[in-house]
Amino acid sequence: MDEELLELQRQFESAQQAKSSIRLSERNVVELVQKLRQLNIIDFDLLHTVSGKEYITPEHLRIEIVSEIKKLGRVSLIDLADIVGVDLYHVEKQAQIVVADDSLLMLINGEIISDWYWNNVCEEINDRLQECSQIALAEIAAQLQVGSELLVTVLEPRLGTRIKGRLEGGQLYTPAYVARVNAMVRGAARGITVPMNLSALWGSLQLLLQEMDGASGVAVEGSFFQSMFNGLVKEGQVLGSVRAGVHWTPSVFAIAQKECVDSFFSQNSVVSYEALHKLGITQPIQFLQSRYPEGIPLVTLFVHPSTVEMLDAAVEDAIERGSWIDSLSVLPASFGPQDAHKMLSLCPSVQTTLKANKALILGDSYVFSTGFVKDLYERMEKDLDTINFSGPSSTGLADDWHVTKVAKSGQETSGAPADFNDTSSESGSNKQAADRGSKRKKGKPNINSKAGAVDNSSDNQEPVPAKSKKNQRKGKVASSSLGPDSKSNAKKDVDKIKEESLGIFSEEELCQKITELVPDFEEQGIDSETVLVPLASHLRPMLLNAWNERRKAALTDNGQKIKRLLDNLQKKLDESSLNMQLYEKGLDLFEDNPSTLALLHRHLLRTTAAPMVDMLLSNMDMLNKLKNGLDIQDTDNPESISLTSGDRIALAKKFDGPLSVKAIAVIEALEGKDLSAQVSAETDPVAILPKVVSLLYIQFYARALQAPGRTISVAISKLKDKLDDSAYKTLEEYHAATVTLLTLISASTGDEEDCTSDRTLSKKELLERLMPALKALVSRPSQ
């Protein structure tokens, strides 16, 4: 069989070497190959070369690829395409098959690299590393024209075998260098006794290495130090704990920390979170709870249960004694209000008494027994009448209290206060003369403007109210129906008690009263905002309720007094009105003597109308007090009183709403009559000027004015449009002379000679000459 094969080989060789007498062209050869493939005689793939003159099988192409790889261990696919003369597509396809069949080859970035190539490279790197102690991977990657990531994946499996070194942070280090740096890291870590940021430590070590090695020193990354440090910690050569990778706490510091906290907590049974922060413990609550499971965390403190027991005993004793206690006075000084409040919530006695309504907590840290609060309330409730209320109920009648429409015997007509209001409006505009003018002969003098010139000094000393005949008759018509329905009014007042009580018992008043009743609060320097205000807020609803009950009871008791007071007032107004009408008829006999008529008319107003106004104001004031729950005696027969101007204004201002406005209008009209009398009787040349100015304001503006000396000039200037030129000039001259006289008197030394100097006497004489003209101004008409 072997001989046959050998024979066939010889025949094949001789056939190949024999020269054919017939030669085929390239085109014929191509057609022949195509025909053979169509006949399946050639049943394998054939690849054209780039020149197109040769055929190559894929198997032969793979053989040539492997041959090229074995030459250098690394070959580019582009170079392979040029070497074998085959298109790059076919080279890439067959190269993938070659790499897939051989595990020691890799195809990456268009290159085929064998494993033995990397071994040679690692040996070269190792030789170089031993020479310079450190090599950067970036430098090696640039030389080999490969990526750093690829280089790392290749070098890591060979570290310790083909490469005697350590790879850290993109650098290769020799074992000797690693040992040296490891010793530095270990020494530095063992020398730290307080928490430290490792990044700062690595920076210090880098500077140290640069100083030791000089300009040729190796740059070491912080990750290299960190890797060594982590290994030392894992091996137990450095004791401590690492938090977040860079915060190092040595065990010696942690031990000292715990001993300090244990010592402080065992001695004081309390420790603050701030103190633990100063010790470097960033999570104090978790730290303390892990060491003292029985402890109690508060807002800013951590306490032992014994502290709660101590506070509980003190609070329980205070409650049993019916007293109060400030928990901060029992607790250590480090406790704040919030911590004290939470401590109180943990005390069993406090929880029990709060549920049983035997105690209450105010101001976070103060515990009051209900017995103490009740006693304080009872003492304040007894003194309700002495408390200075600031509410609206203490200043006047209710807003809707108008005694203008009253019911009597089932009928409702106009009453005396309505007459009072009408009087004020009409007398303020000086209409009473006009009202009588229609009934008297033509040429009747105006009593308002002329009376001042004919009245004598004895009559001028009394205030003269303005009361017209028309209004007197109106009062007579209404005199039978003044008394109101006391029950309906009392019901309205009771409904308004709650609204009126909103402004009384202010915090300031109640706090002041509490301080008076409990001097300990002030002695201990208790903050009013912390304790007194909450305590006052707690007591205020109870005091308001008691006060309202008193008000209701008082209104019930005063209902009959109000009715009797109004009945008596109605009766007296009827009598006075009838008397005034009777006396007024007698004045008709003196119509032929205007001077005497004016004097008699003023005397009638002074003796009859003024007492009527005084009686009405005083009775309305008593009515106001009765409606506010005040107890007034002798309301049935009050004494007749004569009020001064100030008394009348004070009473009028106590009334509410329109009633006060109308009362003041009546008083201003009354004051106008009084000023007329005073001006007529005045002999002092200085004192007369403000009275004349005030009377002019009443005539022209229907308003009374009381101005001090330094504002008289401004008041006079506002009368310029109301007076004619001569009258205004007289008023200005008199004012200028008065100012000069007062200046001379002020500048004098007080000696008799200074007071009677020629200039002073001349000014006085000038004023005395001008006084008649000044008095006459009050009867001059405006421009």
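Why does T174 count as buried? Select T174 and take a look: its relative accessibility is 7%, and buried means under 20% relative accessible area with a 1.4 Å probe, protein chains only.

Before moving on, note that this is a predicted model, where local features need pLDDT of at least 70, side-chain atom pairs count only at pLDDT 80 or more, and totals for chains, interfaces and linings use all residues. Residues are numbered from 1 along each chain as its sequence is written, and side-chain values use heavy atoms, with hydrogens and water left out.

Now colour the loop between β8 (171-173) and α9 (175-191), where T174 sits. Helices here are DSSP runs of H or I with at least four residues, and strands are runs of E with at least two, numbered from the N terminus. Show L129, Q130, S133, K164 and G165 too: T174 touches them, leaving aside residues up to four places away in sequence. Contact means heavy atoms within 4.5 Å.

Next, pick the three strands of the open sheet, ordered β6-β8-β7 with antiparallel pairing. Strands pair if DSSP finds at least two bridges between them. At the edges are β6 (134-136) and β7 (166-168), each pairing on one side only. Zoom in on β6 and β8, which share three bridges; Q134 has Y173 in β8 as its bridge partner.

Last stop: helix α30 (residues 645-654). Select R648, L651 and A652, which are buried. Down the axis of α30, its buried residues fall within an arc of 100 degrees, so they line one face of the helix. That arc is taken from the directions from the helix axis to the C-beta atoms.

Definitions and conventions: Buried means under 20% relative accessible area, exposed over 50%, partly exposed in between (1.4 Å probe, protein chains only).
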